[in-house]
Amino acid sequence: MSREVPGLRTWPPLANSLCPAQERRTIHESEIQIANLSQIKGLVNWFVSEEITERRTAFLGKLLGLYLIAIAVTMFAHAEATVEIMKAIIQDRPLLLVCGLMGVTAGLAIVLAHNVWSGGALPIIVTLFGWASLIKGMLLLVLSPETESRVFIAGLGYEQHPNLFAAFALLVGAYMTYSGFNLKTRSLE
């Protein structure tokens with residue numbers, strides 16, 4: 001069984017319009033190779049997957065970047081109060097449980113939706129942010145308040161250098177925001 005393939009031109013281009021009497025090329029079903037069709041399907045799936053990942057990376061870069069900027073500005077404005085609030089949260093068991101659950105939830109959401117370890121700095125930073133949030137949330141749920149105070153407040157030196165942590169958050173947030181808004185995403189449209 002032979003069918004005319006719509007849009008298929010013969011060589012040279014425009015040969016049909018130059019020689020109207022020339023026959024249009026037909027193709028028999030047996031000429032279609034299944035391997036080529038599966039390769040094309042795989043290529044389309046890869047392209048759609050890449051497009052979704054790029055859009056997700058751009059969105060999460062903007063979201064997390066703006067979040068970090070807001071946190072950094074707050075930390076700069078109220079450095080000593082931020083240290084005291086962190087200490088109070090660690091001593092309040094119900095609030096610590098809620099913070100741990102929120103950290104695990106946010107971390108799991110990012111890790112499950114965006115576990116990308118290639119494609120540039122922004123996708124990797126977004127993925128690292130998700131894993132760090134997940135791990136920190138788990139630690140908040142399982143460690144004792146005394147251990148958490150030693151690890152998160154004294155161990156990291158947060159109490160002595162809150163502005164250093166704020167500067168780091170501001171730099172990472174600015175990079176993520178800038179990269180998220182400037183990421184060029186492909187479109188199938």
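Me: What do buried and exposed stand for here?

Reply: Buried means under 20% relative accessible area, exposed over 50%, and partly exposed in between, with a 1.4 Å probe and protein chains only. V142, in helix α5, has 59% relative accessibility and therefore counts as exposed. This is a predicted model, where local features need pLDDT of at least 70, side-chain atom pairs count only at pLDDT 80 or more, and totals for chains, interfaces and linings use all residues. Residues are numbered from 1 along each chain as its sequence is written, and side-chain values use heavy atoms, leaving out hydrogens and water.

Me: Which residues make up the largest nonpolar core?

Reply: A nonpolar core is a set of buried Ala, Val, Leu, Ile, Met, Phe, Trp, Tyr and Cys residues joined through side-chain atoms within 4.5 Å. Here the largest has nine residues: L60, L64, L68, A72, I110, L122, V126, A169 and M176. Two or more residues each come from α2 (34-77), α5 (121-142) and α7 (162-182); helices are DSSP runs of H or I, at least four residues, numbered from the N terminus. The most, four residues, come from α2.

Me: What is L60 in contact with, beyond its neighbours within four places in sequence?

Reply: Contact means heavy atoms within 4.5 Å. By that test L60 touches G65, H114, V126 and M176.

Me: Which residues does the second core include?

Reply: Among its six residues are M75, V83, I90 and Y158, and this core is separate.
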